[in-house]
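Hi,

Here is the structure for you to look through. Please open it first, then read my notes below.

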Amino acid sequence: QVQLVESGGGLVQTGDSLRLSCAASGRTLDSFLMGWFRQGPGKEREFVAAITWSGAKKYADSVNGRFTISRDNDKKTLYLQMNTLKPEDTAVYYCATDTRSPYKTNVGRLSYEYDSWGQGTQVTVSS
């Protein structure tokens, strides 16, 4: 069993930066895929970024070049550095992990590829 808790969200202006954190408890996650998803108002949940146990990364086209995903296995924490934020980045951001498949090399973009989710943290970008 793993628990994920996101933090770091808030209200910012266009062009600002934020760093989201996702703290894991209950078990170590260094061998598992971890990712960030988001759900904007009136929209479906969408993939943002993911990182494998070995450090391979993948980003959604909409955030590539602006967001950076990273992980600190010693601290059992996943991060999402978000720069040059835009109003369309406004959403609830969720972290997730797939504990069913250790040492997975495929960087999943789909929600069903993850089995544990946090409660989310709100990011609002004003224009």
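Start with the charges. The protein carries 15 positive and 13 negative side chains. The centres of the two sets lie 2 Å apart. Keep in mind that this is a predicted model.

Next, the fold. What will you find along the chain? There are eleven strands and zero helices. The radius of gyration is 14 Å, close to the 14 Å that the globule rule gives for 127 residues, so the protein is as compact as a globular protein of that length. Its C-alpha atoms fill a box of roughly 40 × 25 × 25 Å along the principal axes.

Now the contacts and the surface. Take contacts between residues at least 6 apart in sequence: 61% of them join residues at least 24 apart. Of the 127 residues, 46% are buried.

Last, the rings. How many aromatic pairs does the structure hold? It holds five. One of them is Phe37 with Tyr114, an edge-to-face pair. Their centres are 5.2 Å apart, with 80 degrees between the planes. Phe37 sits in strand 4, and Tyr114 in the loop between strand 9 and strand 10, so the pair ties together parts that are 77 residues apart in sequence.

Best wishes

Notes. Residues are numbered from 1 along each chain as its sequence is written. This is a predicted model: local features need pLDDT of at least 70, side-chain atom pairs count only at pLDDT 80 or more; totals for chains, interfaces and linings use all residues. Side-chain values use heavy atoms; hydrogens and water are left out. Helices (H or I, at least four residues) and strands (E, at least two) are DSSP runs, numbered from the N terminus. The radius of gyration is taken over C-alpha atoms; the globule rule is 2.2 Å times the number of residues to the power 0.38. Buried means under 20% relative accessible area, exposed over 50%, partly exposed in between (1.4 Å probe, protein chains only). Contact means heavy atoms within 4.5 Å. Lys and Arg count as positive and Asp and Glu as negative; His and the chain ends are not counted. The place of a charge is taken as NZ of Lys, CZ of Arg, CG of Asp or CD of Glu. Rings of Phe, Tyr and Trp (its six-membered ring) pair if their centres lie within 6.5 Å; planes under 30 degrees apart count as stacked, over 60 as edge-to-face and the rest as tilted.
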